[in-house]
Amino acid sequence: MIRFENVGMRYGGEEEILTDINFELEAGSFHFLTGPSGAGKSSLLKLLSLSHRHSRGRLTCFEKDIGEAQRSGLIKLRRRIGIVFQEFRLLDHLTALENVALPLHIMGVKRKEVQSNAEEILEWVGLGHKTNALPPTLSGGEKQRVAIARAVVTKPQLLLADEPTGNVDPDMAERIMKLFVELNKMGTTLLIATHDPQLVARYHVPILKLHEGRLSYGR
Amino acid sequence: MAAEDKKTRTSFLEVSFLGRLKTFYFLPPKEKSNRFLPLIIAVMAYLTLLGSATGLAIFNATNAWSTNLSQVLTVQIVHPEARERERQTRAVMEVLEDTAGVIEARAIPENELEALLEPWLGVGNVTDDLPVPAMVSVTIRQGSQIDTAALNARLRVRAPDASLDDHQQWIGRLTSLSNMVQVAVFVSIALIVLTTVAMVVFATKSALAAHRETVEIMHLIGAKDSLIASEFRKLFMLHGFKGGLIGLIAAMLTITLILYLAARIGGGLLPRLYLTAGQMTLLGLVPFLTSLLSMWTADMTVRHALGKMV
């Protein structure tokens with residue numbers, strides 16, 4: 001589903017931040033992405049979320065060569081990817097329900113379905129009672145679950161999560177990971193970026209290790 | 001939550017995309033990054049309207065004046081002796097009666113001539129020893145091609161002190177003045193429009209910068225440029241309309257006052273300044289034009305900025 005072949009990435013005229021990246025994510029797989037700060041995890045996630053383009057090599061996403069894809073084509077591909085940001089990135093002036101409904105609205109889903117789907121997903125992440133709450137009134141764990149709900153409400157084929165348990169307590173982290181595992185069992189391809197070795201140790205899934213912009217496999 | 005916040009929130013929910021109306025807002029309901037833009041647009045609209053109204057009023061006045069003048073010829077008989085002036089006036093009248101294309105020839109009575117001089121000389125200052133020329137006003141048929149040089153020559157045979165004035169020099173000057181004013185007004189309006197566009201561009205960029213995070217999130221979760229731009233279109237359309245409306249109200253008050261004062265001060269000396277109903281309606285469209293201009297500029301600016309994103 002996702003394939004990197006000798007992919008390199010640089011910002012402007014600077015040195016390559018990612019060098020000769022080679023890996024493949026098969027449909028329905030679950031991987032961790034680890035590495036110390038500055039190793040290039042965020043940059044790799046930017047390539048995967050199609051918010052940046054690679055500077056060399058070949059990147060294939062949903063059978064499309066990203067290097068060749070038009071900008072309009074990338075917009076369509078992005079709708080097949082869910083992203084959980086480390087800092088949640090919820091819109092503070094929208095309620096939890098409206099935040100979750102945003103991707104559905106963007107996709108042009110009918111109003112009634114938008115509401116019922118968004119409510120259902122919020123219920124699933126345990127926030128059925130917080131539909132009208134504004135993000136600033138939610139705890140870190142609640143915000144993270146709203147962010148997860150927003151990322152999965154369109155049933156994306158690929159779900160990317162950047163340090164999803166970084167800002168929550170251990171109990172909430174466990175709860176959030178259970179949600180991810182459940183999603184993966186339902187067929188969603190999952191890539192979780194983390195630098196928490198304990199979290200990685202608890203789940204027996206392949207690890208993509210980044211170090212100074214180069215990738216190696218673990219486990 | 002404070003009572004005021006609650007009120008704001010409720011009003012936003014009423015128009016949110018999950019609400020009753022079909023409007024979708026992803027920008028905060030109380031968008032404050034460009035709250036002064038309507039006032040700036042109002043000033044621009046006001047200047048545009050004043051310029052347009054001035055140009056149109058001068059065009060109307062000069063047009064009416066030159067149309068009237070082109071149908072009127074004037075014969076002037078300058079002689080110090082009143083008796084000789086009267087003789088030559090009668091001769092002029094006889095020649096004009098035999099001239100094709102002349103509808104009416106009227107010797108202007110002395111009291112009317114004195115009234116015409118009053119604005120310059122004052123009431124009662126035209127004395128008998130002041131040799132006021134005799135005047136004959138000639139009305140010609142519209143479109144008739146009178147050879148004024150030949151007519152002048154014929155008049156000179158019978159009245160050696162008569163001279164025919166077809167006002168062409170005056171009409172030419174008026175037309176030149178009118179054209180110059182129109183060009184100046186057009187250039188001014190073009191500059192005002194360009195300045196407005198530039199200000200809307202800066203305002204849109206400032207709004208984009210203020211809501212960069214929101215725009216990025218929308219972009220990352222798959223929003224098309226048109227959807228993101230639509231939010232800014234709505235916002236700037238409203239700014240443009242508000243500004244245009246304020247400018248229109250202020251300009252209409254000023255224009256009405258100017259036209260009233262011009263009518264009072266001008267008296268018989270100045271041509272009447274006026275705007276037709278059609279022209280007033282055209283000026284009344286300015287709020288719609290400012291909202292369209294503002295909306296279009298914001299749309300282009302947002303799309304251009306989004307185009308730089310992957």
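Because the model is predicted, local features need pLDDT of at least 70 and side-chain atom pairs count only at pLDDT 80 or more, whereas totals for chains, interfaces and linings use all residues. Residues are numbered from 1 along each chain as its sequence is written, while chains are lettered from A and ligands numbered from 1 in the order in which they are written.

Let me begin with chain A. Helices (H or I, at least four residues) and strands (E, at least two) are DSSP runs, numbered from the N terminus. Two strands pair if DSSP finds at least two bridges between them. One open sheet of chain A has four strands in the order β2-β1-β4-β5, with antiparallel pairing. Its edge strands are β2 (16-25) and β5 (64-65) of chain A, each of which pairs on one side only. Within this sheet, strand β1 (residues 2-10) of chain A runs antiparallel to β2(A), and six bridges join the two. As an example, Ile2(A) stands opposite Leu25(A) in β2(A).

Chain A also has an open sheet of six strands, with the order β6-β7-β8-β3-β9-β10 and mixed pairing. Here the edge strands are β6 (81-84) and β10 (214-218) of chain A, and each pairs on one side only. On average, with direction ignored, neighbouring strands of this sheet are turned by 20 degrees against each other. Strand β3 (residues 30-34) of chain A and strand β8 (residues 189-193) of chain A run parallel, joined by four bridges. Phe30(A) has Leu190(A) as its bridge partner in β8(A). Helix α5 (residues 140-152) of chain A packs on the sheet, where it touches β6 and β7 (158-162) of chain A. The direction of α5 makes about 170 degrees with that of β6(A). For such angles, axes are lines fitted to C-alpha atoms, for helices over the stretch in contact, and the values run from 0 to 180 degrees between N-to-C directions. Contact itself requires that the C-beta atoms of two residues, placed from the backbone, lie within 7 Å.

Next, burial in chain A. A residue is buried if 20 or more other C-beta atoms lie within 10 Å of its own, exposed if 12 or fewer, and partly exposed in between, with C-beta atoms placed from the backbone. Helix α3 (residues 96-106) of chain A is mostly covered, with ten of its eleven residues buried. Among them are Leu97(A), Val100(A), Leu104(A) and Ile106(A). After α3(A) comes Gly108(A), which has a positive phi near 80 degrees.

Is Glu212(A), in turn, buried or exposed? Glu212(A) is exposed, because 12 other C-beta atoms lie within 10 Å. Its place is in the loop between β9 (207-211) and β10 of chain A. Most residues other than glycine have a negative phi. Glu212(A), although not a glycine, has a positive phi of about 50 degrees.

I now turn to chain B. It has ten helices and four strands, and along the sequence they follow the pattern α-α-β-α-β-α-β-α-β-α-α-α-α-α. Of its 310 residues, 26% count as buried. Among contacts in chain B with a separation of 6 or more, 84% come from residues 24 or more positions apart. An automatic or database domain assignment supplies the domain bounds, giving domain 1 (23-66 + 172-307) and domain 2 (79-160) of chain B.

Why does Thr196(B) count as buried? Thr196(B) counts as buried because it has 24 C-beta neighbours inside 10 Å. This residue sits in helix α6 (residues 168-210) of chain B. Leaving aside neighbours within four places in sequence, Thr196(B) is in contact with Ile41(B), Met44(B) and Leu293(B). By contrast, 61 Å separate the C-alpha atoms of Thr196(B) and Arg156(B), which are 40 residues apart along the chain.

His167(B) is in the loop between β4 (162-165) and α6 of chain B. Its phi is positive, near 65 degrees, in a residue other than glycine. With 17 C-beta neighbours inside 10 Å, His167(B) counts as partly exposed.

Finally, the two chains together. In all, 17 residues of chain B are in contact with 22 residues of chain A. Helix α7 (residues 212-220) of chain B gives the most to the side of chain B that touches chain A, with four residues. The residues on that side divide into twelve nonpolar, three polar and two charged. Here Ala, Val, Leu, Ile, Met, Phe, Trp, Tyr, Cys and Pro count as nonpolar, Asp, Glu, Lys and Arg as charged, and the others, Gly among them, as polar.
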